[in-house]
Amino acid sequence: MSAAKTSPADEKAPAKKPDHVFLIDGSGYIFRAFHALPPLTRPDGTPVNAVLGFTNMLLKLVSDTDAEYIAVLFDTARKNYRNDIFPDYKAHRPPPPPELIPQFALIREATKACNVPQLEMEGFEADDLIATYARQAAEAGAQVTIVSSDKDLMQLIGPQVSMLDPIKNRPIGPAEVEEKFGVGPDKVVEVQALAGDSSDNVPGVPGIGVKTAAELIKTYGSLEELLARAGEIKQPKRREALQQNAELARISRRLVLLKNDVPVKQPFTAFARREPDAALLIPFLEENQFRSVLARVQGQFAKKSAGDAAVADGSGKGHAAAKQAAASAKPTGEAAYELVMTEAELARWVAAAREKGAVAFDTETTSIDPMQASLVGFSLAIETGRACYVPVGHRGGPPQGQLDLGGDGEGGLLPNQIPLAKALALIKPLLEDPSVLKIGQNIKYDMTIMAAHDIAIAPYDDTMLISYVLAGGAHGHGMDELSELHLNHRTIHYEEVAGTGKAQVTFDRVPLDKALAYAAEDADVTLRLHQVLKPQMLAERLATVYETIDRPLVPVVMAMERAGVRLDRKVLQDLSADFAARLIELEKQIHKLAGHEFNIGSPKQLGEVMFDEMGLGGGKKGKTGAYATGADVLEELAAQGHDLPARVLDWRQLSKLKSTYTDSLQEQINARTGRVHTSFALAATSTGRLSSTDPNLQNIPIRTEEGRKIRRAFVAEKGWVLLSVDYSQIELRLAAHMAEVPQLKEAFREGIDIHAMTASQVFGVPVKGMDPMVRRRAKAINFGIIYGISAFGLAAQLGIPQGEARAYIDAYFKRYPEILGYMDRTKKFARDHGYVLTLFGRRCHVPGILDKNPARRSFMERAAINAPLQGTAADIIKRAMIRVPAALADAKLQARMLLQVHDELLFEVPKAEAKDTAALVKKVMERACAPALELDVPLVAETGTADNWADAH
DNA sequence: CCGATCACG
DNA sequence: GACGTACGTGATCGGA
């Protein structure tokens, strides 16, 4: 012990960090590992898959954690005190499978071999022991980690107690509990008492599941409160179930409530951590033939015995041994990732990738915006677990805000990296090699980065897009989510290497070891996702959508993003100034009308001013209890002659236009290009549409005159003009085709005014001299059809009573019964399959179509009705977009495609080519279905040309 | 970080 | 008949 350690100064050091206690749920792990891991037997035939999983897990936990106390807790016999409360508790559990039985004893042996304390007690479950020690340790001020994924333990989570899922290696916190139970850890017991648990035979209240239970507990706070006030429940069935089964619920609560005062013989301090002992561990591993673990453990023991003074040898035999150990272990996270620092090494990786014919590729950069990003490094993966990272732009540690004196100081490039130009020269032939498939995750990003260095990636696959065609609408398609879903692997998250919030650094400041672990894993995971998802896509017969629509769209959209759109900054500046002045004036008037100043932008304050202070008619709304102050409410009040809401409507409009558009668009102009580059998301929507972000250029105002002024700021470069081409009524045309409505199809073929015709046929009035109000009603119904019409929605849209809306809808369906048939067929298809289809075969998933809650179910039914229409329209415009570049090139036209706004394409065209380009694009768009599909209705695209976007419409 | 609001198709 | 609504997005703001 050094002198410093005993110095008085040290004794006055800040309070030591709280003790950390690890409580491992041994019994829970056995069952889960047994089912999660493939069968595995010792040479003598003894099954050991759960034992191996357990041993791996325990050794990893012990080596990764800083815990001072560690214990594994086990169940004993199957009967315990809960059977006295409820004899059927866990009664229907089948006996454990025969292959599992010998593993119970072996796992206790493994625990002993790992030198970790263990405990079991007659009459109690492991969960009760964990609850008891967790309480004890927390009261002593310690931090507790419960290693288990058992939902029954989630009730213990709190400020000092957390959980860790040992198989997914993922923390379970209040958020995960909330996701599972709909309530926080403190209310889990109440929810379980109501919902019961079929696997443990906890009865609960019949007819109440987790969702309903969470809802009830959120409202009433506790089981007892709920039972006391059960009479208030509106739904008769639910009310009766609660009243009749109150006692069953109370028993259930006692069953799920863990006993945290088991009379344990020893305190948690008896579980002081002990390091693995070679004399115990190695014989055990040999006996069970756990060779990969053995190799790893021997390496660790060897390293330790080599002495602390010796410098670890990272090359030679040790390296090879580590690689060998990793090859047989779980694919990622082990040591087969390589940092490439020389051209020769990179050349070897490139050659190996060529040999394979496929390589996963990923870039690391300084920004999530590829138009502002610089390349920092790239990673390659050529087989599972075999990946490398090639740094080309890493810099010294984080900038200290001090002067960088030395030339090679903190801010300069790290030495020994391959020079960027050399690395690019080596990688370009691979990325452009037509015989090597490049696999990316959101490859449009990497393509954009490499395009800036004059490298075109082809051929390619994109795991994000493959996932999207497989599961669009079912879940997200980010790499982290896909990895957990398909590989059961939690990736290193960007925040974990680059930090978070203010302390976040750009990737060029991430140390090389961390960068390697993160970047190589990304490529590795991408490759493994491809191995899982591509066969699935082929088996599910979804390859056509991917190969004919989503994949070829990637370079097209990339080119649009890179082209960007020109903005006239002066127009925006002047508008901002104009809006600012008018906002100040409106503010004054509004405050005067209110009698005092308040924040007009706060719906809460506005509601209080209008409804509490001024006494305007209107009511509370919504879950939050705040007044509704939406535009519809304000319009109603304004129509009654109230001045303040009318002014607020003006204020809201100008304030929105200024903050969302005139101010922020100016800031989005790229300094390098002088243009605005949006990012189109290819896998974001549930219907197949694109979306646009940073900035969103798909919601630039047009509907009001003030808004249109903003579109005037979207301009073409000198000598060029903007060309807008948009589909006319595409979704309604598709509805006519898909529902096979003869009159509607006929009307579209004749090119007549569809809304007027609908009005005429539904309301029985002649088209000639029609009241515009009648046509407006028909138009609203037609829109409603596309949205999965409801009387409520139509009534709200038209401002008429619901009964009247109902009558319109009935009249419509009577006239066009095919539409009703289409809607019923679509709903049935969605219920049977969980998704609906576009005409091109894209699946749009509608999770929740079978939801027991009628509101949510109706919601999903309307979405199911809408998705084939919206989604087919999306497929069609995507097909057109893919064909446009080649059509332009063939015609030797220079036009650039800039934006897509769902049914519109915007181009920048040399003035002299405007007419030809318009005709060409119109043709491509109108024929976009062919040859895959022939519609019974014509598609019509309309063109407009001007020097700004507003006038091009 | 979520809900309300509002811009677009 | 319950439930609570038109379909699909993204950005901004206020307020916990």
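Does Thr 526 count as buried or exposed?

Reply: Before anything else, please keep in mind that this is a predicted model. Thr 526 has a relative accessibility of 2%, and because buried means under 20% relative accessible area, Thr 526 counts as buried. Thr 526 belongs to helix α23, and a polar atom of its side chain lies 2.7 Å from the backbone oxygen of Asp 522. If we leave aside the neighbours within four places in sequence, the residues in contact with Thr 526 are Ala 360, Ile 439, Gly 440, Gln 441, Thr 463 and Met 479.

Helix α20, residues 463-471, and helix α23, residues 512-539, have axes that come within 9 Å and cross at roughly 35°, and the crossing is left-handed. On the side of α20, the contact is made by Thr 463, Ile 466, Ser 467, Val 469 and Leu 470. On the side of α23, Thr 526 takes part together with Leu 529, His 530, Leu 533, Lys 534, Gln 536 and Met 537.

Thr 506 has a relative accessible area of 32% and is partly exposed, whereas Thr 526 is buried. A polar contact of 2.4 Å joins the side chain of Thr 506 to that of Asp 508, and, with neighbours within four places in sequence left aside, Thr 506 is in contact with Thr 366 and Tyr 494. Thr 506 and Ser 367 are 139 residues apart in sequence, while their C-alpha atoms are 7.3 Å apart in space.

Asp 508, the partner of Thr 506 in that polar contact, also touches His 394. His 394 lies in another loop, the one between β10 (386-391) and α18 (420-431), and with a relative accessible area of 0% His 394 is buried. The side chains of His 394 and Tyr 389 are joined by a polar contact of 2.7 Å. Not counting residues up to four places away in sequence, the residues that His 394 touches include Val 376, Leu 413, Phe 507, Val 510, Leu 512 and Ala 515.

Strands of a sheet pair through backbone hydrogen bonds, in either a parallel or an antiparallel way.

One open sheet has six strands in the order β3-β2-β1-β4-β5-β6, with mixed pairing. Its edge strands are β3 and β6 (170-172), each of which pairs on one side only, and the twist from one strand to the next averages 30°. Within this sheet, β2 (residues 69-74) has six of its six residues buried, so this strand is largely enclosed by the rest of the structure. Tyr 69, Ala 71 and Leu 73 point one way from β2, while Ile 70, Val 72 and Phe 74 point the other way. Strand β1, residues 20-25, pairs with β2 in the parallel sense over five bridges; Val 21 stands opposite Tyr 69, and Leu 23 stands opposite Ala 71. Strand β3, residues 118-120, also pairs with β2 in the parallel sense, over three bridges, and here the bridge partner of Val 72 is Gln 118.

Another open sheet has four strands in the order β21-β22-β18-β23, with antiparallel pairing. At its edges stand β21 (896-900) and β23 (941-946), each with a single partner strand, so one side of each is left without a neighbour in the sheet. Neighbouring strands here are turned by 25° against each other on average, direction ignored. Strands β18 (residues 720-727) and β22 (residues 904-910) pair in the antiparallel sense over seven bridges, and the bridge partner of Val 721 in β22 is Val 909. Helix α38, residues 914-926, packs on this sheet and touches β18, β22 and β23, and its direction makes about 20° with that of β18.

Finally, an unreviewed UniProt entry lists residues 707-913 as "domain: DNA-directed DNA polymerase family A palm". Over residues 707-913 the chain is 61% helix and 14% strand, and the end C-alpha atoms are 29 Å apart.

Technical notes. Residues numbered from 1 in each chain as written. Chains lettered and ligands numbered in written order. Predicted model: local features only at pLDDT ≥ 70, side-chain atom pairs only at ≥ 80, totals over all residues. Heavy atoms only, no water. Helix = DSSP H or I, 4+ residues; strand = E, 2+ residues; numbered from the N terminus. Buried < 20%, exposed > 50% of the residue type's maximum accessible area, 1.4 Å probe, protein only. Polar contact = N/O pair within 3.5 Å; in protein donor to acceptor, adjacent residues only side chain to side chain. Contact = heavy atoms within 4.5 Å. UniProt positions renumbered as here; feature names shortened; annotations may be inferred. Pairing = 2+ DSSP bridges. Axes fitted to C-alpha atoms, helices over the stretch in contact; angles between N-to-C directions. Left-handed = near helix turned anticlockwise from the far one by under 90°.
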